[in-house]
Amino acid sequence: MCEKLGFEVYKRPKYIPDGVKDESEYTYTPPRVIKPRKALVEIYFSQKHNTLTYYNDQFNLSVGDTVFVDGVYEGIPGKVVNLTYTFKIKPSDYKKVVFVADTDVYGELEFAGSHIMSINRYTMPYEKVIGWFKPPVNDEEEIIISAEEYGEKFTLDELNKMKIDPLKAERGHDYYMDNRVVFIEVKDCVGRAIVLGSKPYEVSFKIVGREVSDVMCDCFCAGNCKHVYAVMLQLKETLKLSAENYEDEWDFDYLSIMSKSVFFDHVFSNKTFGRIEIKN
Ligand SMILES: [Zn+2]
């Protein structure tokens, strides 16, 4: 007989966030910081191939957390690689950690080619995921110019009818092939997506059935851009895979998809506990 390993069988309840009765009502609220722990923080910025030390007095950080700082690397995501809790410094000598991304993901996900997808609104909501790439914006007013008068509509089945410069379409196809469309959410006929170019770009659109309209990208180039085209190719591919593989789940009003590499990079990197289950 072999000894039991000494832990109780963990019974997993289906995860529904606290206070959520009707999933369709769910809106994301960022977690509150309970007990900040002062620390000197070494942060690695992969985009800059550089590690710098910051002071933190606002958060309770762990190694692997995705954070944003002030100073020259403002707006660039970094990973916590080391924490020191015993130190003597002048805080004014250091720049600070200003935001920690919430990379906790709960719920069931399906594989869909290069991406992973969920039909649960609380699993990877856009408001959470955008914080993995950009710190929350300050109160600077955004100017949104509706494309209503432009009035272009196209369907996912006829992307060749989209009004786009052929060179931009080609670059968009490259972006799609490179899995630069890292995230798409479609909720109540509104789509939003994150595309990694020289910086993260946000694309938004309306989608009713397979008809797309009111497309916007915050790269602010005139007309449709490579980011938009890449998003449409990715969405079309994922919907096709979803229909082929998960036919019984086809009838959904919510979908979010994330590139596998971003998922593993953010969701798994700082986990020291938690549970996954992979089924066919
Ligand atoms: Zn764009």
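Predicted model: local features only at pLDDT ≥ 70, side-chain atom pairs only at ≥ 80, totals over all residues.
Numbering runs from 1 along each chain as its sequence is written. Helices (H or I, at least four residues) and strands (E, at least two) are DSSP runs, numbered from the N terminus.

So which residues of α2 are buried? They are Ala 169, Gly 172, Tyr 175 and Tyr 176; buried means 20 or more other C-beta atoms within 10 Å of the residue's own, exposed means 12 or fewer, partly exposed is in between, and C-beta atoms are placed from the backbone. These four cover an arc of only 115 degrees around the axis, so they sit on the same side of α2; that arc is taken from the directions from the helix axis to the C-beta atoms. Turned away from that buried side are the exposed Pro 166, Leu 167, Asp 174 and Met 177.

Now, α3. Its axis and that of α2 come within 7 Å and cross at roughly 50 degrees; axes are lines fitted to C-alpha atoms, for helices over the stretch in contact, with angles from 0 to 180 degrees between N-to-C directions. Residues making this contact include Ala 169, Gly 172 and Tyr 176 of α2, and Tyr 229, Ala 230 and Leu 233 of α3; contact means C-beta atoms, placed from the backbone, within 7 Å.

Finally, after α2 comes Asn 179, with a positive phi near 55 degrees. Thanks, all!

Key
Contact = placed C-beta atoms within 7 Å.
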